[in-house]
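Work through the following exercises with the sequence and the coordinates side by side, and try each task before reading its solution.

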Amino acid sequence: ESLTAEEQRLSNIIKTKEVSAYLKDNNIHSVYVGKKQTNGVLTDKLSLVFVVSEKRPINDLKGSTPIPKTILSALTDVRVAKIAEMLGDNGCNDCNGPYPCTGHSHASTPTMTNIYGGVGIYYNSGGTYGFTAIATDAIGNEHIVGVTNNHVLGQYSSPGICGSQTQPTGTVYPVKPVGNSFGKIDNNPIGTAWKNARTTATNNKVDVGIMHLNENFANTITYGLSTGPYEWITEQEFNSVPIGTQIYKSGARTGIVTKFAEITAKTSSLNVKLGCNQIVGFIDCITVHGTNTKHKNDNGYRIASNGDSGSPIFLLINGKLKLLGLLFAGSCEGFNDNPSDQYNPDRIENYAIVCKIWNIAAYYQTNYSITLSPYTDWKKLTETDSCVNITFPNVAPLQDKTLNYTNTSVTTIQTHNIFSTC
């Protein structure tokens, strides 16, 4: 199956100069193909949804460009949200670890034995380990690599954009929870930064970086979701996924999201604020957002927050979790922090931006002659390495045939422990 004719038509219109010109307005920071809202209720009509910092009356636009009711015969809609920001964690100067950390002494932290998707890592900012992959270089050598965001691994950027103008090559560390915060484990690095996608001023499709991974850490598990291994969703598969499809996420800051988060837009063009407050442009991204402010799960009301950059995002396709891409930015402030506030249907706070896995693969093929593919060597359990229980929440109807279990309300299995504390 493919995109509907209307989805394809509007996706093409987003790429035109008539639409992209609106993103030069300081009050307009995103446009995507989404459902039109009428009188506070989403309809089935597709439209170009413009996201603005504030709605302004036509007689007091404060220099902003008015958005017409139609553009190139496409319906338009206007929603309100804060501009998306990178969701790395800049760290604490006292302990040189993701902020906030406590105690500032991590000498007694345990040694790590594996790295899972969804757990915390640290380079010069905190973030989330996305997934393990195989990187085949131009002469056929295979490298086991860890994948996360560029801005987690040093922010490789073009001249004039904040960050590093040379490829980061430093050491990547795991982090461990310290109360409700994080502390860097500096006695057992997991790898070294290798090749990042360079951030430019406009037309970025991905925010991604790869590290040479110590192969002893390699694993297919995504913490809290499943053991893997995972297939990668193809562009053709994604074309048939409807707007409103539920996503699955595991992140270092807000943890597991398996409810109340869905795809709002399959094609988004947007401005994103970097950690230095510079604004850069992204295209062809996915927008997901929290769908219910009245339901609180273990993560509170936010689907992502600082420290979740690099989180792997999955969809359930024919009973299988398949990798969709990497979360890299979002805005998780607003009414969702306080569900007692009156619901404002114009606001779409508590949203996150995802770069697509096929765009990640295409970037590395085009720019580095590197072919990325799924890592599938799931490590078998050993008697000395199975002493910690890991709880996998209900993600029915998932079934892990390797471990021969079927999820009920909660399934606990013994598997590789994250920290060798036993």
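**Exercise 1.** Is S47 buried or exposed?

*Solution.* The model is a predicted one, in which local features need pLDDT of at least 70 and side-chain atom pairs count only at pLDDT 80 or more, while totals for chains, interfaces and linings use all residues. Residues are numbered from 1 along each chain as its sequence is written, and side-chain values use heavy atoms, with hydrogens and water left out. With a relative accessible area of 0%, S47 is buried, where buried means under 20%, exposed over 50% and partly exposed in between, computed with a 1.4 Å probe on protein chains only. S47 belongs to strand 2, residues 41-52; strands (E, at least two residues) and helices (H or I, at least four) are DSSP runs numbered from the N terminus. Leaving aside residues up to four places away in sequence, S47 touches L10, Y32, V33, G34, K35, K36, L75, T76 and D77, a contact being heavy atoms within 4.5 Å.

**Exercise 2.** Determine which cysteines are joined in a disulfide, and account for C285 and C355.

*Solution.* Begin with the bonded pair: the structure holds one disulfide, defined as a pair of cysteine sulfur atoms within 2.5 Å, and this disulfide joins C162 to C276 with an S to S distance of 2.0 Å. The torsion about the S-S bond is about -70°, so the disulfide is left-handed. C162 lies in the loop between strand 9 (142-148) and strand 10 (171-178), and C276 in the loop between strand 16 (261-273) and strand 17 (279-290), so the pair ties together parts that are 114 residues apart in sequence. C276 is partly exposed, at a relative accessible area of 36%. Turning to C285, this residue is in no disulfide, and its nearest cysteine sulfur, that of C355, is 6.6 Å away, which is too far for a bond. C285 is buried at 0% relative accessible area, and C355 likewise counts as buried at 0%.

**Exercise 3.** Describe the second largest pocket and its lining.

*Solution.* First take the volume, which is about 670 Å³. On a 1 Å grid over the protein atoms alone, a pocket is an open set of points with protein on both sides within 12 Å along at least five of seven lines, a cavity is a set where a 1.4 Å probe fits but cannot get out, and lining residues have an atom within 4 Å of a point. Next take the lining of 34 residues, of which I14, K15, S269, I283 and D284 are the closest to the centre. Strand 17 gives the largest share, six residues, and helix 1 (5-14) is among the elements that give two or more. By class, the lining has 15 nonpolar, eleven polar and eight charged residues. Finally, look at helix 1 itself, where E7, L10, S11, I13 and I14 are buried; seen down the helix axis, the buried residues fall within an arc of 160°, so they line one face of the helix, the arc being that of the directions from the axis to the C-beta atoms.

**Exercise 4.** How many cavities of 30 Å³ or more does a search of the whole structure find?

*Solution.* The search finds five. The largest cavity has a volume of about 140 Å³, and of its 18 lining residues, F131, T132, T220, Y230 and Y375 are the closest to its centre. This lining divides into twelve nonpolar, six polar and no charged residues.

Key. Points joined across faces, edges and corners; volume = space filled by probe spheres on them. Nonpolar A, V, L, I, M, F, W, Y, C, P; charged D, E, K, R; others polar.
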